[in-house]
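The sequence and the model are shown first, and the description comes after them.

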Amino acid sequence: MRILSLRKNSNAFTLVELLVVIAIIGVLVALLLPAVQAAREAARRMQCQNHLKQYGLALHNYHDINSAFPASRVVLHHFTASHEDDGYNGIIGTTFFLLPFMEQGARYEMIYQDAKDGASTWPWIAAPAYQGAISTLHCPSDPNANKPSPHMDQTRQSYMVSHGDGMWHNNRADVDESASSKVGTRGMFAPKIYQGMENCTDGTSNTVAVSEAVGDANYSTQVKGGIFRTGTIHSGGVAVPGPCLTNAISSGDRTQLVSGSDTWRALLFTDGRTTNAGFTTILPPNAPSCIYSYAEHNNAWGVFAPNSYHSGGVNSVYVDDSVHFVSDTIDTGNLNDGGVTSGPSPYGVWGALGTPSGG
């Protein structure tokens, strides 16, 4: 009996062995969690790419019917407020006109009817037509994308149209500017200008149409979601983007701006102003964005980098509806060059991708 007892005890785990097994399991779990998180982000990134693909397809369907893409911002007739004709450009953006091609035709008709009835002095009101998530417009990697906007609970948009490498007065239409202030149409989208495939002489597979942006709140100091207000991006009568990189970011925290501004970036899906619904191919993805220090921030011109919560860059859809990932390290050329209105871009590969006819 005594011998049998010893044999039985010899088959049991000691406390040390049990602790070693638990430690090994803990290490395996610790190794597994990042892999699981990476797999989840890969799935979200793929879904985001699919949403961009749908956005690009909606652009093509609109083009098939109208022989051109929508303008970046226009006046939607019948809205009664002066705000709708802000800066003579209007503030209804590209996304609104794509709603019928995103299975949102009913929402489009409700908003348009609201304008015709003169029911609101603003094209964004606390009404059902402006509220309720539109999943196609939301990047799933952004935890706030499908949450109601802080502005009247409206739905947000994660996707912005390209203004190319045009910076000077890029929030106003050339037809409303003096000769000395014209920026030229440097991207596929511009205020009150409708461009078609024939304008894309660089090739539809070489021209960016749409990319991503993260929305936070007005006066946000986050690099992803906020915009820095500064006068340093204007020098000698031209717009120069380089000072935005050097002056906008807090020295203590690279994710923070020195200060925020009253802008509504990615917060209102009907908005078409460049500060809120456009991007430039000048500063690289996930760089800070800056507006020139106008009194009314939402109508200011500036340099607006696309950004996302994807690691290392942003998704972009080109004019041919192909989706590509653009790295934060893409070549941006000479960021101290300014005043480009025609010809090749001085801002490297990124600037060249934004110009439909830059040669």
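The report below treats the core, the strands, the cysteines, the salt bridges and the surface in turn.

The model is predicted.

**Core and helix α2**

The largest nonpolar core of the structure has 35 residues. Y55, F96, F97 and V210 are the residues with the most contacts inside this core. At least two core residues are supplied by each of α2, α3 (94-98), α4 (105-117), β3 (159-162) and β4. Helix α2 gives the largest share, 6 residues.

Helix α2 spans residues 15-66 and includes L28. With a relative accessible area of 53%, L28 is exposed. L28 also belongs to a nonpolar surface patch of about 580 Å², which is made by V16, V20, I24, V27, L28 and L31.

**Strands and their pairing**

Strands of a sheet pair through backbone hydrogen bonds, in either a parallel or an antiparallel sense.

Strand β11 (residues 313-318) is mostly covered, since 6 of its 6 residues are buried. Strand β4 (residues 208-212) pairs with β11 in the antiparallel sense over 3 bridges. Within this pairing, Y318 in β11 is the bridge partner of V208. Strand β11 is also joined to strand β12 (residues 323-327) by 5 bridges, and these two strands run antiparallel. V314 stands opposite V326 in β12. The hairpin of β11 and β12 has 4 residues between the strands, and D321 takes a positive phi near 75° there.

A further group of 3 strands forms an open sheet in the order β5-β9-β10, with mixed pairing. Strands β5 (228-230) and β10 (302-303) stand at the edges of this sheet; each has a single partner strand, so one side of each is left without a neighbour in the sheet. Strands β9 and β10 run antiparallel and are joined by 2 bridges. C290 stands opposite V303 in β10.

**Cysteines**

How many disulfides does a search of the whole structure find? The search finds 1 disulfide, and this disulfide joins C244 to C290, with an S to S distance of 2.0 Å. The link of C244 and C290 is right-handed, with 85° about the S-S bond. C244 lies in helix α5 (residues 242-247) and C290 in strand β9 (residues 290-292), so the pair ties together parts that are 46 residues apart in sequence. Both C244 and C290 are buried.

C139, by contrast, is in no disulfide; its nearest cysteine sulfur, that of C48, is 3.1 Å away. The cut-off for a disulfide is a pair of cysteine sulfur atoms within 2.5 Å. C139 counts as buried, at 4% relative accessibility. C200 also counts as buried, at 7% relative accessibility.

**Salt bridges**

Side chains of opposite charge can pair when their charged atoms come close. In this model the count comes to 3 salt bridges, listed in the table.

| Salt bridge | N to O distance |
|---|---|
| R44 and E41 | 3.3 Å |
| R186 and D165 | 2.7 Å |
| D271 and R273 | 3.0 Å |

R44 and E41 are 3 residues apart in helix α2, which separates them by about one helical turn. R44 is partly exposed, with a relative accessible area of 30%, whereas E41 counts as buried at 18% relative accessibility.

For the salt bridge of R186 and D165, the two residues are 21 residues apart, and both are in the loop between β3 and β4. R186 and D165 are both buried.

In the salt bridge of D271 and R273, D271 counts as buried at 2% relative accessibility. R273 is buried as well, with a relative accessible area of 3%.

**An exposed loop**

Is G236 buried or exposed? At 80% relative accessibility, G236 counts as exposed. G236 is found in the loop between β6 (234-235) and β7 (238-239). In space, G236 and G338 are 9.5 Å apart, C-alpha to C-alpha, while in sequence they are 102 residues apart.

Conventions:
Residues numbered from 1 in each chain as written. Predicted model: local features only at pLDDT ≥ 70, side-chain atom pairs only at ≥ 80, totals over all residues. Heavy atoms only, no water. Patch = residues over 30% accessible without salt bridge, like charges linked within 9 Å, V, L, I, M, F, W, Y side chains within 5 Å. Areas by Shrake-Rupley, 256 points an atom, 1.4 Å probe, with all protein chains shown as cover. Salt bridge = Lys/Arg side-chain N within 4 Å of Asp/Glu carboxyl O. Buried < 20%, exposed > 50% of the residue type's maximum accessible area, 1.4 Å probe, protein only. Pairing = 2+ DSSP bridges. Core = buried A, V, L, I, M, F, W, Y, C linked by side-chain atoms within 4.5 Å.
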